[in-house]
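This report describes selected features of one protein model. The sequence and structure are shown first.

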Amino acid sequence: MTTLAKKTVKKAAKKAAKKKPVGMKQAILDHLKFTLAHDESSATLRDWWLCLSLAVRDRLVDNMIATQTKHHETNTRRLYYLSLEYLMGRMLVDNMHNSGIYEEAKSAISDLGLEWDEVTEEEVDMGLGNGGLGRLAACFLDSLATLDLPAIGYGIYYEFGLFKQEFKNGHQIEHPDSWKKFGTPWEIVRPELAREVHIYGRVEKVYDSTGGSKYLWKDTRTIEGVPYDIPIAGYDTKSVNFLRLWSSRASEDFDLEEFNRGGYVEAVREKAIGETISKVLYPNDATENGKELRLVQQYFFVSCSLHDIIRRFRKQNDSWDLFPEKVAIQLNDTHPAIAVVELMRIFLDEEGLDFDYAWSLIGKTFAYTNHTLLPEALEKWSVPLFEKVLPRHLQIIFEINSLVMDMVEEKWPGDDSMKREISLIEEGHTKMVRMAHLAVVGSHTVNGVAAIHSQLLKTVLFPHFDAMYPNKFTNMTNGITPRRWLLACNQELSSLIDDTIGGGWAKDLDKLQALSKEADKPAFQKKFMDIKYANKENLAKIIKDLCGVDVDPGALFDVQIKRLHEYKRQHLNLLHILALYRRLLQDPDLDVVPRVFVFGAKAAPGYQLAKTIIKAINAVGERVNNDERIKGKLKVVFLPNYRVSLAAHIIPAADLSEQISTAGKEASGTGNMKLALNGALTIGTLDGANIEIGEEVGDDNIFIFGLTVEEVQKLDSEGYNPWDYYNSNEELRAIIDWLSSDFFTPEEGAILAPIRHSLLENGDPFKVLADYDSYSECQKKVDEAFRDKKRWARMAIMNTARVGKFSSDRTISEYAEQIWDLDPVKVD
């Protein structure tokens, strides 16, 4: 660009900056006319939602440009957050709250003669994530921007989400989640920043004229990654960071010569293959092709992201010594662990750095968050698969492993067992690359996500690494954003809090402690519980619409909403439901608190037992909900297609929060935090963040049951026999046999029998039977407490008042100070 052209651009930019912004109503109408080419008479509700979203995005983009300009001018240190999923949900309401234009936008919609709820309900959840891992990442992005911390999230721009769930005869049916069918107003495409990614091929050692050698990765297939940016607005600040998501496409979309020969399908073959990589979140890896696609997915987004990070770094820095000073990379779980090797490959093969220097940069740049204690959930890829897909990376992994084995030999001379435990390569019939081990050795800090989880990382999952790197492991207890999970989803309660203690709590959640003084006041209790009842009425309407079941808002709403997995023990909940049902059948006048059991969960398509548990809950619900003998005292509903926007209706309405995982299996949980913040009482084991929630709210305001971690470990070491519990408990034996018969599934036979097999013949790996008695007795305490309306109201208020610790702002502040060494950059 010429000097004159640059001056012209700067002059135009200054003029635009001084221009008075258009009012929200006019901005909406302008988008309707000039973006969508509609007039008011032809506009649909979706058109109005789209125009409102675009008008809001305009405000965000203005601040995003200012934010990125400030970061560039100060050559600031940035955090780069690598995550395979981001469960963003809907963006509109959050963006309006965070940018301070919610009331203005609401007024504009009213002036246009439109219903606010009808317009905002048009938004489709973004299909970029699945469970707690992705939702945590979304909360973290919100807090990073709110705290003015320079950060960019990186991930994949999936065309289809995990799947859209439907129930047919109680069975889970998966449909494509076509969330991008009509596009999204939040994306900003950056084709000029597209990156090339190479996969497959072979490695050749070549020599130069001086006898020096290097490795060349040749005959590769090339894929292109195109970035799409999603603005992330901070709350009550001008900072707007962004999430950069990569969409895959073939480097050569179209073979014109093949097309002209009549090979119309073959002409676009490469295009179809290229687009497959970002097609679906978590493709089924039950097949070898599925495993290969997952590895390619992970490498694709990591390679694109690292090259983008380096491009940004080199704009203002010319020494690699500065790289760890300007770049902090966080690996969100094990999925992005290949980043350690890819950055090494770039340093070695593209930048010509020597191995030791490159490895020293790696160790100062990466940090790793572990999210699971289940060994089977720690990713491992076969060496043959690596050799096929990423042959050069496999060579580098072997080199890193050699370095690590030398360190082990130095610390524990001759200890081959220690080498086997720590090695990046798992020996066996087929050698496997241990990705979690790679993440640990390549990171300066490894953290768990709750106090007990972080302790178990050191004592159970990675004890040998803790011995080798004694200062590497730490804890960062998870948190949630109060902007999404109270301010936006429970607006009546938010208003009550404002009226009672004043504002500011959405950015400083510890201010809710002031509500403790109101917990015993009858007037405040009534207001608090009236809001809860209204939220339950709203959920009752949703249940009627989605499930066709009438429920009483005055009943206890008992909620379990989370990914369907055996360790989360939805089947323990089901056994208790069956016990209550059986007791009522035997004594219809039994005095029990009426309950509505609300489930929401998806099971992985290849996880058959989880899908059987879904069928069982639906089958039992069908029988219970239509049995007049129990006089409506129990209702069981499984809401289909659980997602963020549905959770936003369920959570404010919940009375009881089921957090009943086997002790030592749940890393943290964040649903427990969201439900407690909205005044639901927790029934749970001493697992994950339940322990810390109990410490905050007090023993009188939580229901704890079950084995401790130590007791589970003792059972395992002594030999756990579920048949002992089955044979010694008549009620338990009866309901297990009842469930496994064809009573609840007369048209399909005993299809629920695999649950019994898991609990008995398969050894009950998650101690459901061992905890059943304790759980059942604890539920009686819940009944007793709910009958005392004043006591329950006080307990609910104390939960809301005392969970300020679990704001993601606190979590991110700790990351920034203790792991990332990241300072805020205020945008004027």
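This is a predicted model: local features need pLDDT of at least 70, side-chain atom pairs count only at pLDDT 80 or more; totals for chains, interfaces and linings use all residues.

Strand β11 spans residues 327-332, and six of its six residues are buried, so the strand is largely enclosed by the rest of the structure. V327, I329 and L331 point one way from β11, while A328, Q330 and N332 point the other way. In a regular strand, side chains alternate between the two faces of the sheet.

β11 pairs with β1 (residues 78-82) in the parallel sense, over five bridges. In this pairing L82 stands opposite L331. The strand β12 (residues 366-369) also runs parallel to β11, joined to it by four bridges. Here A367 of β12 is the bridge partner of Q330.

## A three-stranded open sheet

Three strands form an open sheet in the order β13-β15-β14, with antiparallel pairing. β13 (380-382) and β14 (425-426) stand at the edges with a single partner strand each, so one side of each has no neighbour in the sheet. Three bridges join β13 to the antiparallel strand β15 (residues 432-434). S382 stands opposite M432 of β15.

## Packing of α3 and α4

Helix α3 (residues 45-73) packs against helix α4 (residues 92-99) at an angle of about 35 degrees, and their axes are 10 Å apart. The crossing of α3 and α4 is left-handed. From α3 the contact is made by W49, L52, S53, V56 and L60, and from α4 by L92, N95, M96 and S99. By class, the contact has six nonpolar residues, three polar ones and no charged ones.

## Two buried residues

V697 is located in helix α28 (residues 690-697). With a relative accessibility of 0%, V697 counts as buried. Setting aside neighbours within four places in sequence, V697 is in contact with I702, M798, N799, R802 and V803. V697 and V803 are 106 residues apart along the chain, yet their C-alpha atoms are separated by 6.9 Å.

N729 lies in the loop between α30 (722-728) and α31 (730-740). Its relative accessible area is 14%, and N729 is buried.

## Salt bridges

The structure holds 50 salt bridges. One of them joins K279 to E159, with the closest N and O atoms 3.0 Å apart. This pair links distant parts of the chain, 120 residues apart: K279 is in the loop between α10 (269-276) and α11 (288-316), and E159 is in the loop between β2 (151-156) and β3 (164-168). K279 is partly exposed at 23% relative accessibility, and E159 is partly exposed at 31%.

R190 and D229 form a salt bridge with closest N and O atoms 3.0 Å apart. R190 is in the loop between β5 (188-189) and β6 (195-199), and D229 is in strand β9 (residues 221-233), 39 residues apart. R190 is partly exposed, with a relative accessible area of 24%, whereas D229 is buried at 0%. Both belong to a network of salt bridges that links R190, D229, R244, D308, R311 and R312. A salt bridge also joins R314 to E351, with closest N and O atoms 2.9 Å apart. R314 belongs to helix α11, while E351 is in the loop between α13 (338-350) and α14 (355-365), 37 residues apart. R314 is partly exposed at 47% relative accessibility, and E351 is partly exposed at 21%.

Notes:
Residues are numbered from 1 along each chain as its sequence is written. Side-chain values use heavy atoms; hydrogens and water are left out. Two strands pair if DSSP finds at least two bridges between them. Buried means under 20% relative accessible area, exposed over 50%, partly exposed in between (1.4 Å probe, protein chains only). Contact means heavy atoms within 4.5 Å. Axes are lines fitted to C-alpha atoms, for helices over the stretch in contact, and angles run from 0 to 180 degrees between N-to-C directions. A crossing is left-handed if the near helix is turned anticlockwise from the far one by less than a right angle, and right-handed if clockwise. Ala, Val, Leu, Ile, Met, Phe, Trp, Tyr, Cys and Pro count as nonpolar, Asp, Glu, Lys and Arg as charged, and the others, Gly among them, as polar. A salt bridge is a side-chain nitrogen of Lys or Arg within 4 Å of a carboxyl oxygen of Asp or Glu.
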